[in-house]
Amino acid sequence: MSVPKVRKSDAEWRRVLSRDVYAVLRKQATERPFSGKYHNNHATGLYRCAGCDLPLFSSKTKFDSGTGWPSFWEPIRPEHVLTSTDLSYGMIRTEVRCASCEGHLGHVFNDGPRPTGLRYCINSLALRFEAGRTDLAALAVLGLIAALTR
Ligand SMILES: [Zn+2]
């Protein structure tokens, strides 16, 4: 299933997002480590995009990386995130963005745990946690409803 695109002008994003969330999602800012809401969150649930609500990560793939940012070894579905090469700050990194609104989420590194060996290092500000459900079947139905009502 492809992900419906959410498009807004820069002015619209500025209006609907808080200043801090806007800086991360739309201007690729990085929150200070250990400053966010979710690096130490161990509750069961879903992490949605703070810009468009697309489910991005599940608590089932979250792990304690010790970096001070929420870390996951896999997105909830591969097609829910986009990756591209980021050459800023003199480093070669892989940027992770939301597949729907294309908001900046963080970066993915190759030093994660099994089974993927990946570490999705994500800003808390780019996420909105929803406690409870983590199953994809319910998500598929909700995604369909969202697509129909958009
Ligand atoms: Zn999004």
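Predicted model: local features only at pLDDT ≥ 70, side-chain atom pairs only at ≥ 80, totals over all residues.
## A tour that starts at a turn

Select Tyr89 to begin: it sits in the loop between β5 (81-86) and β6 (93-98). Residues are numbered from 1 along each chain as its sequence is written.

**Stop 1**

Most residues other than glycine have a negative phi. Is Tyr89 buried or exposed? Tyr89 counts as exposed because it has 7 C-beta neighbours inside 10 Å. The cut-offs are 20 or more other C-beta atoms within 10 Å for buried, 12 or fewer for exposed, and anything in between for partly exposed, with C-beta atoms placed from the backbone.

Now show the two flanking strands. The hairpin of β5 and β6 has six residues between the strands, and the strands pair in the antiparallel sense over six bridges. For pairing, DSSP has to find at least two bridges between two strands. Pick Asp86 next, and you will find it opposite Arg93 in β6.

**Stop 1: the open sheet**

Six strands form an open sheet in the order β3-β4-β8-β7-β6-β5, with antiparallel pairing. At the edges are β3 (62-63) and β5, each of which pairs on one side only. Strands of a sheet pair through backbone hydrogen bonds, either parallel or antiparallel.

Two bridges join β3 to β4 (residues 71-72), and the two strands run antiparallel. Select Lys62 to see one of these pairs: its bridge partner in β4 is Phe72.

**Stop 2**

Move to Pro115, in the loop between β7 (104-109) and β8 (119-122). Most peptide bonds are trans.

**Stop 4**

Next, select Asp53, in the loop between β1 (45-49) and β2 (55-58). Here is another positive phi in a residue other than glycine, near 75 degrees. How exposed is Asp53? Asp53 counts as partly exposed because it has 17 C-beta neighbours inside 10 Å.

The hairpin around Asp53 has five residues between the strands. Three bridges pair β1 with β2 in the antiparallel sense. Highlight Leu46 and look across to Ser58 in β2, which stands opposite.

**Stop 3: the whole chain**

Zoom out and colour by secondary structure. The C-alpha trace spans about 40 × 35 × 25 Å along its principal axes. The radius of gyration of the chain is 15 Å, which agrees with the value near 15 Å for a compact globule of 150 residues; it is taken over C-alpha atoms, and the globule rule is 2.2 Å times the number of residues to the power 0.38.

To finish, colour by burial: buried residues make up 34% of the 150 residues. Among contacts between residues at least 6 apart in sequence, 59% join residues at least 24 apart, where a contact means C-beta atoms, placed from the backbone, within 7 Å.

Key: Helix = DSSP H or I, 4+ residues; strand = E, 2+ residues; numbered from the N terminus. Contact = placed C-beta atoms within 7 Å.
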